[in-house]
Amino acid sequence: MRRKKIIFEIFVFPVVLFSMLFGFVWVKLGVITREWIFSTLLLFVLMVASMVFFLARILEKHGYRKSDIKRIDEILEEHWKEPWDSGYLKYDVQECIAHHLILWGIFSTFLLGFHDVFLAIMAFVGLAFLMVVIYPVFTTMVVWIVALPLYFLKSMRAEHAFEFIGKTSLASTLAIPVIWAVSSYVSTKNYPEDVLRMFNAVVVNSEKLSVLSVLNTMFGFFGLYLSRRVGRRILTFVLLSLAVAMLFVIWSIFNL
């Protein structure tokens with residue numbers, strides 16, 4: 001009975017939940033065709049195959065063999081009382097399933113909107129580019145809501161926040177110029193406006209968001225390494241200056 005409950009909570013319930021959520025969107029969009037239903041089912045099969053592959057890698061990461069995917073319900077039962085937190089098996093499995101279902105739903109939605117696989121792929125790529133480019137805005141929220149309060153409270157977790165901000169922002173800083181170049185090329189093509197809108201948004205905002213990403217990177221690494229080299233008063237001034245500068249950049253982007 002316990003294993004049936006695990007299978008339902010980990011696998012069946014997320015599929016039903018996301019299918020209902022995206023199903024509501026699909027009904028609102030309308031124009032559901034037999035070809036789209038077939039394509040969506042095919043995408044679901046491919047999504048399941050990809051999910052199995054990555055779940056096997058997750059099991060390997062936690063000390064099991066990839067072939068143990070056949071008894072993943074038994075393994076999850078052994079880890080069922082673990083905290084629901086990053087780094088634990090149950091969390092990693094649920095995160096993998098959720099990511100696959102979200103990607104499946106979004107791509108199926110684009111396919112329904114454009115009725116063309118290539119345009120759906122382009123729209124999906126445009127959305128992915130836009131999410132990467134606006135990532136510095138999310139990081140700025142982490143700076144003000146998480147990192148700075150932990151720093152002023154002298155929490156040991158502040159170092160982890162600085163490390164997360166620094167490393168992810170460095171990746172964002174390196175990715176934005178490449179994404180800008182590709183988006184600039186795509187924006188010159190004769191694609192539907194709904195597709196071009198996302199690429200154009202990337203092109204227009206990349207410069208300022210790149211500056212914001214650099215500020216985030218500096219904040220993260222300064223907070224991580226300067227604390228060992230300068231006094232707390234100087235570090236506080238540097239971090240607050242960078243954090244305030246981030247707000248000015250966001251102000252200029254959204255014209256608040």
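Visitor: What makes the crossing of helix 2 and helix 4 right-handed or left-handed?

Guide: In this predicted model, the crossing of helix 2 and helix 4 is right-handed. That word is used if the near helix is turned clockwise from the far one by less than a right angle.

Visitor: How do you know whether helix 2 and helix 4 are roughly parallel or roughly antiparallel?

Guide: The axes of helix 2 (residues 34–61) and helix 4 (residues 89–114) cross at roughly 160° and come within 9 Å. Angles over 145 degrees count as roughly antiparallel, and therefore helix 2 and helix 4 are roughly antiparallel to each other. As for the residues of their contact, 18 are nonpolar, 5 polar and 2 charged.

Visitor: How do you know whether the length of helix 2 agrees with its 28 residues?

Guide: Take 1.5 Å a residue, and helix 2 should span 40 Å. Its end C-alpha atoms are 41 Å apart, which agrees.

Visitor: Which residues of helix 2 are called buried, and what do they pack against?

Guide: Buried means under 20% relative accessible area. In helix 2 that word applies to W36, T40, M47, M51, L55, A56, I58 and L59. These buried residues pack against helix 1 (2–29), helix 3 (72–78) and helix 4. Helix 2 is then followed by G63, which has a positive phi near 95°.

Visitor: Why is H115 called partly exposed?

Guide: H115 has 41% relative accessibility, so it counts as partly exposed. You will find H115 in the loop between helix 4 and helix 5 (117–133). Its phi is positive, about 55°, although H115 is not a glycine.

Visitor: What makes K154 buried, exposed or partly exposed?

Guide: K154 has 62% relative accessibility, so it counts as exposed, the cut-off being over 50%. K154 sits in the loop between helix 6 (135–152) and helix 7 (157–186). Its phi is near 60°, a positive value in a residue other than glycine.

Visitor: Why are helix 5 and helix 8 called roughly parallel?

Guide: Their axes come within 9 Å and cross at roughly 20°, with helix 8 running over residues 193–225. Angles under 35 degrees count as roughly parallel, and therefore helix 5 and helix 8 are roughly parallel to each other. This crossing is left-handed.

Visitor: Which residues of helix 5 and helix 8 meet?

Guide: From helix 5, the residues include L119, M122, V125, F129 and V133. Among those they meet in helix 8 are V195, M198, F199, V202 and L209. The residues of this contact divide into 14 nonpolar, 2 polar and no charged.

Visitor: What is Y135 in contact with, and how do you know?

Guide: Y135 is found in helix 6. Contact means heavy atoms within 4.5 Å. Leaving aside neighbours within four places in sequence, Y135 is in contact with F164, T168 and S172. From Y135 to I176 there are 41 residues in sequence and 9.9 Å in space, C-alpha to C-alpha.

Methods:
Residues are numbered from 1 along each chain as its sequence is written. This is a predicted model: local features need pLDDT of at least 70, side-chain atom pairs count only at pLDDT 80 or more; totals for chains, interfaces and linings use all residues. Side-chain values use heavy atoms; hydrogens and water are left out. Axes are lines fitted to C-alpha atoms, for helices over the stretch in contact, and angles run from 0 to 180 degrees between N-to-C directions. Helices (H or I, at least four residues) and strands (E, at least two) are DSSP runs, numbered from the N terminus. Angles under 35 degrees count as roughly parallel, over 145 as roughly antiparallel, 65 to 115 as roughly perpendicular and the rest as oblique. Ala, Val, Leu, Ile, Met, Phe, Trp, Tyr, Cys and Pro count as nonpolar, Asp, Glu, Lys and Arg as charged, and the others, Gly among them, as polar. Buried means under 20% relative accessible area, exposed over 50%, partly exposed in between (1.4 Å probe, protein chains only). The expected span of a helix is 1.5 Å times one less than its number of residues.
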